[in-house]
Amino acid sequence: MNKTVLPARALLLWRLRAAAAAFLASFFLTLLLSDFSFWCRLSLILTGVAFLFFFCVFYPLKYTKLTYFFHSEQLIVDCGVFYSRRRVIPLENIQYVTLLRTPDMLPFGLASVMVHSVGTSLYLPCLRFCDAQDLQETCVRRRKEGEIP
Amino acid sequence: MNLPEHHTHPISLVQMIWRFLFLLIFPAARGFLTALSGGNIAEWLGGAWKDILIILAILSLAFVQWWCLRYRWEPAGLFIRRGLLFRRRLFIPTAKVITMSLTYPFYLKPVGGVRLRVDTWAGTGKSTDISLILPKKAAQNIFASRTEALAAKDFSLREYHPKGLYITCLSAILSSSFAGVLFFATFISQTGSLLGQEFADRITGTFERLTRAIAWGLPPATVALAYLVVFGWLYSFVRNLIRHGKFVVRRQKDELQIDSGVVTNRSYSIRLSEINYIDIRQSLLTKLLGLYSVFVNAVGYGKEKDDISAMIPANLWDRLQRHLHLLLPEFSASPRQVKPNAGALFRFILDPLLPTLAIPAAGSILSVLFPSWADFIHSIAWMSMIPCLWFLIVRLLDFFSSGIGRQGDMFTLRYSKGSQLHTVILPQSRISQVVLRQSPIQAFDRRCDLLVYSLSEKKNCHHIRNLDVAQVMEIFCCNEENVRPIICGPKPLPSWTEYLHPFSHYLRPWKPFWKKPTEG
């Protein structure tokens, strides 16, 4: 059973995003609330707490739990952060698969995948680009040929 | 040889005129500006030719649109052509049509118009793909040719006529006070604008006097609310009764045909191979009476506001099984194989229990704070308690009946949604996505909530609570081959780490994220 896990650089990217968001939030809060020292400090502390939460808890848990594999003609994805989820999509019902790449993913060689089924969809963030392409090809090819995994 | 193209019914012109009515804003604006600039009627009449021109433009635009809308039905499919400048040609192959329906609205009956609707997997879940108003005979011919195509000579027609009593039961199940209350509220508020404020005040005054006269010692406001709910429900009930009158179901080889309606008649033709699932529903009342209703889920069936979605109105379990076997032998319910454990009771009743306890507490506090309103607050609190207790009983029944079963490729899902108990019979090929969701609390006793999304134009979820995670994985074949043995064997107490990462414990050896092997 080969499970595909996220590359370590996915976690690095998420942490960088969290850091950038925290920096921007702090910058603007300081700029806007400079005349209200109490509220300024409070909002900066809350931003710091939120940053630490995402940096140390949320993203590491998300990264650890996200894996996917093919089994019995189904795409199975384990995900979740505090709630654990196992999502199962029969390959025959997958309609199409979309690859998404944001500018910050390019230097890390990452891509996100959106799997569209009838009435539902599934988002797999920050996979290796080659894994994302493989996933896309596998889903589409198996749907086309009815190939058994 | 090309078959001739036809126009839709001329009454469609009214529909098309409606689309261009926004152009009347120009005559209205002209009149307004004339009045504003101190002009007199003579001045306004001087430019009346512009208004006449706009009205003529509306009529001619509608006519051109109607003239350019042509259709052709052929054995291969339905061809539609529309537009003069921006021409659109549309062809829907017969094989892709899932549901075709004919509606005979009472207001179109005098002119012989019938609404033909065609639905496929394409399009949105909110509206029908194609809706045309056709002459009665033409629409019936199209409908008959489809029925003929889906029938087979070696298959004898099966027909089911439910008794009037069962239709009454179904109407009662489907009725809700909310729709009726909404109708009465709109009726009273619109009366003022249509017939004058005096007439609206008279209606409100009569209602007020009536409630005061039959209040029987209760606060009049409470009685008014209660009567509004009761009459709202009655209105909804009568509407449903009229809608489901003359209900007949016919089964052909690859078609399910359903006819119903007294004032507005409706006929539906559903391709059998495209039925997503059947849903056997019970409300609390029908549960007590031992009655079940069967609903069909297919693209285009039960899509619009006044559509029918039932297949068997209401029946006792044995009879229901007989009728179901007659009409849809492909869909047979299987017994529960996976069900919630005894300890899951709290998980089921928590949602209704919170308001059930909170409402009396809030009522007591408010009556202490506002003693002059105590009677009113108490009566409102008691009335609010009724739906909560109702919901609590439904959840209790759900606890004793929910679960999943599997027989070959057919799944039977038993669960509750709102105030209804559902038994859904769903083929495996009609499952869009299965989600096993485990909260940190559920991880302690290795349970999970199961969310099954069935194929549908819009998201359609079946939620079954608190099942054994390993059994669910086994029944849906989403367990890895190398997973540790499930069901049997003692269950060790989970550690704190397992508590935080429940699936990690089940599905792969636990490795903290800081020790996770990086990409190879």
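The model described here is predicted.

- Strand 11 of chain B spans residues 265-271 and is mostly covered, since six of its seven residues are buried.
- Arg266(B) in strand 11 is the bridge partner of Ser260(B).
- Four residues lie between the strands in the hairpin of strand 10 and strand 11 of chain B, and Gly261(B) in this hairpin takes a positive phi near 110°.
- Strand 5 (residues 99-104) of chain B also pairs with strand 11 of chain B, in the antiparallel sense and over six bridges.
- Within strand 11 of chain B, Ser269(B) stands opposite Met100(B).

**The nonpolar surface patch**
- A nonpolar patch on the surface has about 940 Å² of accessible area together, and its residues include Trp18(B), Leu21(B), Trp49(B) and Leu56(B).
- Helix 4 (residues 48-68) of chain B supplies the largest share of this patch, namely six residues.
- Leu56(B) has its place in helix 4 of chain B.

**Ser283(B)**
- Ser283(B) is located in the loop between strand 12 (277-282) and helix 10 (284-289) of chain B.
- The relative accessible area of Ser283(B) is 11%, so this residue is buried, the cut-off being under 20%.
- Apart from neighbours within four places in sequence, Ser283(B) is in contact with Ile173(B), Ser419(B) and Gln420(B).

Technical notes:
Residues numbered from 1 in each chain as written. Chains lettered and ligands numbered in written order. Predicted model: local features only at pLDDT ≥ 70, side-chain atom pairs only at ≥ 80, totals over all residues. Heavy atoms only, no water. Buried < 20%, exposed > 50% of the residue type's maximum accessible area, 1.4 Å probe, protein only. Helix = DSSP H or I, 4+ residues; strand = E, 2+ residues; numbered from the N terminus. Pairing = 2+ DSSP bridges. Patch = residues over 30% accessible without salt bridge, like charges linked within 9 Å, V, L, I, M, F, W, Y side chains within 5 Å. Areas by Shrake-Rupley, 256 points an atom, 1.4 Å probe, with all protein chains shown as cover. Salt bridge = Lys/Arg side-chain N within 4 Å of Asp/Glu carboxyl O. Contact = heavy atoms within 4.5 Å.
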